[in-house]
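Have a look at the structure first, then work through the notes by topic.

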Amino acid sequence: MMKVTLVEEARVFIAECYKELNKTSALAQRLKQIECEIKTTHTYKHTEEELAHGVKMAWRNNNRCIGRLFWQQLQLIDARSATTAVEVEAALLHHIEAGTNGGAIRPTITVFEPGRVRIWNEQLIRYAGYIVDGKQIGDPLSNDITKLCQRLGWQSNKTDFDVLPLLFQVDEHSPLCMRDIPSPLVKEVTITHPDYPKLAELSLKWYAVPIIANMRLSIGGISYEACPFNGWYMGTEIASRNLVDTARYNKLPAIATALGIETRKNRELWQDRALLELNYAVLDSYKRAKVQMVDHHTAAKQFAQFESNEVEAHREVTGNWAWLIPPMSPASTHIFHQPYANTTKTPNFFYKKSLFEKENHCPFQQ
Ligand code: ARG
């Protein structure tokens, strides 16, 4: 297959972007300018307007996301001028604050200059994980990054819910910077159930905003390696997965016991009953805490609206069925009952290789 050149990728994106923005009259001149820029510098720089629309298209094209109805609301924080550790830290903290917005979560993306900033956190806010005396504490997903933080001098109380520090480099070759997130910036929600006070005794909680920081944003041939972005949570992400997966917090047996559900017999459906009440508790707790969260039935309805909007706009809806169906009662949503074409359109977000894989040079290990 022939390699698509940067000019070609730029052309396709700029044409689509300008069409959607009703700016086709400016297209020819902008393309000429970009071609010139690529000839002399081997790259080109998006205008803020192109970037602001490109990130929205990337969200709209992301096959795994059920929340895409709101793609037009994504707010861009253009941090391409941030180059020092102080500036990058300030931008990351600003994102946490602006995205959280006191609980009225705003879908937000912060975009750094391509090829500069490297963020090591999987999400800006994430709980640490440790193995102490052979026992897992906290989030097992975070065991590697937690070890790295500890080697860099990070100290914690080793609870199940220690918020990891930010870990980043201002460019590939510079040392790792580690910065605690001031705790007033980290909104969290304690999980309680109105009908089962005993659930509170498990001291479960979760943070308000998932801010994905380990994906690469690709727009018009340009790769933005550091582009933390957030939406709001769907309840099942926490109540059917994070707190429950055996490879995560693995709390279902303890939850069932707190709810007074007998866990001996599979066919008495203790797992399903516990999951249902935990899902109810998480949604109720976020509501009481005034932190935005969507339930999976509403999210599916919103996705149906997205699908019909896209048809109206003459765009094909692509999707990854296995990701779009919620992990709770999937067959009660329309998504379960139809196929989706899992083809990849750009702009889009892509996974990066984990920075913890062996081939990756860890600046701390030398
Ligand atoms: N599933 C991930 C988590 O539980 C978050 C993924 C993004 N979710 C979202 N609602 N935007 O942390």
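Predicted model: local features only at pLDDT ≥ 70, side-chain atom pairs only at ≥ 80, totals over all residues.

**Helix α5 and the strands around it**

- Helix α5 covers residues 143-151, and its buried residues are N143, I145, T146, L148 and C149.
- What do the buried residues of α5 pack against? They sit against four strands: β4 (129-132), β5 (135-138), β6 (166-169) and β7 (177-179).
- A handy rule for reading a list like that: an α-helix has 3.6 residues a turn, so residues three or four places apart point the same way.
- After α5 comes G153, which has a positive phi near 105 degrees.

**α1 against α2**

- Helix α1 (residues 6-20) packs with helix α2 (residues 27-41) at an angle of about 155 degrees, and their axes are 10 Å apart.
- Angles over 145 degrees count as roughly antiparallel, so α1 is roughly antiparallel to α2.
- The α1 and α2 crossing is right-handed.
- From α1, the residues in the contact are L6, V7, A10, R11, I14, A15 and Y18. Facing them from α2 are L27, R30, L31, I34, E35 and I38.
- Sorted by class, this α1 and α2 contact has 10 nonpolar residues, 3 charged ones and no polar ones.

**α1 against α3**

- α1 also packs with α3, this time at an angle of about 95 degrees, with the axes 10 Å apart.
- That angle makes α1 roughly perpendicular to α3.
- On the α1 side you'll find F13, I14, E16, C17, Y18 and E20. They meet E50, H53, G54, M57 and R60 in α3.

**Salt bridges**

- How many salt bridges does the model have? The count comes to 18.
- E50 and R30 pair through their side chains, with N to O at 2.6 Å. E50 belongs to helix α3 (residues 48-60) and R30 to helix α2, so this pair ties together parts that are 20 residues apart in sequence.
- Are E50 and R30 buried or exposed? Both are buried.
- R80 bridges to D78, and their closest N and O atoms are 2.8 Å apart. R80 is buried at 8% relative accessible area, while D78 is partly exposed at 25%.
- R288 and D284 form another salt bridge, at 2.6 Å from N to O. The two are 4 residues apart in helix α8 (residues 270-288), which means about one helical turn separates them.

- As background, most residues other than glycine have a negative phi, and most peptide bonds are trans.
- Which peptide bond is cis? The one from T346 to P347 is, with omega near -5 degrees. P347 falls in the loop between α10 (321-324) and β16 (348-351).
- S329 lies in the loop between α10 and β16 too. Its phi is near 45 degrees, a positive value in a residue that isn't glycine. S329 counts as partly exposed, at 38% relative accessibility.
- H314 isn't a glycine either, yet its phi is positive, at about 60 degrees. You'll find H314 in the loop between α9 (296-312) and α10, and it is exposed, with a relative accessible area of 75%.

Note on methods: Residues numbered from 1 in each chain as written. Heavy atoms only, no water. Axes fitted to C-alpha atoms, helices over the stretch in contact; angles between N-to-C directions. Parallel < 35°, antiparallel > 145°, perpendicular 65-115°, else oblique. Left-handed = near helix turned anticlockwise from the far one by under 90°. Contact = heavy atoms within 4.5 Å. Nonpolar A, V, L, I, M, F, W, Y, C, P; charged D, E, K, R; others polar. Salt bridge = Lys/Arg side-chain N within 4 Å of Asp/Glu carboxyl O. Buried < 20%, exposed > 50% of the residue type's maximum accessible area, 1.4 Å probe, protein only.
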